[in-house]
Amino acid sequence: DRRCISDTPLEQIEPIETRDGQPVTRFLDTPVKSRRTHLALFAWVLLVLVLAFGAWTHIRSVNAALTDARADWIVVSAAIEGMDPWADLRDLGARLGTHYLPVGDAELGEFFRAHPRTPGALLLLTPLSAFGPDAAYPLMVVLTSVAAALASLFALIKHRSMPLGAMSVVAIALAGSGAYLSALEFGTQSVFILLLISATWLLTRDGDSIGGGIALGVAATLKLFPLLFIIPLLAYKRLRAVVAAGLTVVILNAAGVLVLDLDPGRVFGLLDAADEWLVASFNGSLAMPLAAVGLNPALASLVVSAVAVIVAVGSVRRGWSFDFTVAVLIVVSVLCAPLAWPHYDVLLFAVVAYIISRRGTPNQIVWWMVGFFVGLQLLSPAINSVLGSPSFSTLGITSILGKLVLLGALAGLNSSGSSASGAGESQDSVVVLAGP
């Protein structure tokens, strides 16, 4: 059983340029052979240098007690010691001989003190306990930088129609973006989610349903919003990916409960506390303005989650190509996640890479919108620095604006006729998949 996930007739596929029997591309009009070696190596070295510099500057300047990495170390260590990992972070920190300060001022920390992590996420984070509380943050920053480099390298290899110059621009923009710097600042898992979602997208598209499903399962264990991608996998009959994702989520969480001897019912009690964060001005979710105008936070969460599901179902029913559908849903998943911190926006650079990898896009508005999004990301650290520190007042609105602009770029790509139905798909998108 072999299916093609693009509607482009095979005779319309643009052949890869070759020289001496080797695929070549052009960077500054210079033919470069062996895209999977020379170009990947160049991009890897470039990214390691850029991202290592960013990591070094943040390790030197950030108060580790304000970071998610410190909070992760506390809850993991507490679980190993037999404490309730979903109790007050400051109490747990004191019992473990360290301290945690909630983001923002003391008043903000009064209404949200717990650190919601699924049992599976706690299990995945247990290696942090081997390091001290002060070492957890530098470790997470280094791992974040490596994950960003791997995600960019993976995209370069998989998007075979993308010139090295274009991928280098995307990678450098990612390294300088407000989303990436925020991920470094707080030692979060967002860049790992970027790598895992990219793996789900590109591995599944290229026929590795099991590998893509496992990546999705790990991502959904760390954060819940990646579960939205189950819908396109079901629609495109990637049943092995769906089963692999489901089993990964179940196995990781069951193992977390058993190994760490956790009460799984406790984590659901944190949902009410998490709802109080919806009105935070640095929440880049559509739930934020709904809650800010008076809608019940729990209802606002349900509304935006329902919108995400409706858009996902509508997307697959329109018959768009697999790549285009996933690109749309990446933006929608981050826009409609009830809690979407600014560092979640690193996922949107996977969409930027996809748009740039397209061939023959005549709609110039698309490029203006992509440029606006990238410019907004590059300028956001400066904007918030001017407004003061910690100046979260504009982060939520600018994050929502950037996502809406990127959705506009995808709509322009659709209207130009070079995307949705498969016309003009790059060669990577015209892939024949075997089996479910």
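A residue is called buried when its relative accessible area is under 20%. Trp320 comes in at 14%, so Trp320 counts as buried. Keep that cut-off handy as you look around this structure, which is a predicted model.

**Two helices side by side**

- Two packed helices are described by the angle between their axes and the distance between the axes.
- Take helix α17 (residues 322–336) and helix α20 (residues 395–415): their axes come within 10 Å and cross at roughly 160°.
- Angles over 145 degrees count as roughly antiparallel, so that is the label for α17 and α20.
- The crossing of α17 past α20 is left-handed.
- On the α17 side, the residues that meet α20 are Phe324, Ala327, Val328, Val331, Val332, Val334 and Leu335.
- Their partners in α20 are Ile400, Lys403, Leu404, Leu406, Leu407, Leu410, Leu413 and Asn414.
- Sorted by class, this contact has 13 nonpolar residues, 1 polar and 1 charged.

**Aromatic pairs**

- You can find 5 aromatic pairs in the structure.
- One of them is Tyr236 with Phe322, an edge-to-face pair with 5.2 Å from centre to centre and 90° between the planes.
- This pair links distant parts of the chain, since Tyr236 sits in the loop between α11 and α12, Phe322 belongs to helix α17, and the two are 86 residues apart.
- Both partners fall under the 20% cut-off: Tyr236 is buried with a relative accessible area of 16%, and Phe322 is buried with 3%.
- Trp320 and Phe324 also pair up, with ring centres 5.0 Å apart and planes at 85°, so this pair is edge-to-face.
- Phe324 is buried too, at a relative accessible area of 2%, and Phe324 is also among the α17 residues that meet α20.

**Positive phi angles**

- Lys237 isn't a glycine, yet its phi is positive, at about 60°.
- You'll find Lys237 in the loop between α11 (230–235) and α12 (239–260).
- With a relative accessible area of 47%, Lys237 is partly exposed.
- Asp261 is another non-glycine residue with a positive phi, near 55°.
- Asp261 lies in the loop between α12 and α13 (265–268).
- Exposed means over 50% relative accessible area, so Asp261, at 69%, counts as exposed.

Note on methods. Residues numbered from 1 in each chain as written. Predicted model: local features only at pLDDT ≥ 70, side-chain atom pairs only at ≥ 80, totals over all residues. Heavy atoms only, no water. Axes fitted to C-alpha atoms, helices over the stretch in contact; angles between N-to-C directions. Helix = DSSP H or I, 4+ residues; strand = E, 2+ residues; numbered from the N terminus. Parallel < 35°, antiparallel > 145°, perpendicular 65-115°, else oblique. Left-handed = near helix turned anticlockwise from the far one by under 90°. Contact = heavy atoms within 4.5 Å. Nonpolar A, V, L, I, M, F, W, Y, C, P; charged D, E, K, R; others polar. Buried < 20%, exposed > 50% of the residue type's maximum accessible area, 1.4 Å probe, protein only. Phe/Tyr/Trp six-rings, centres within 6.5 Å; stacked < 30°, edge-to-face > 60°.
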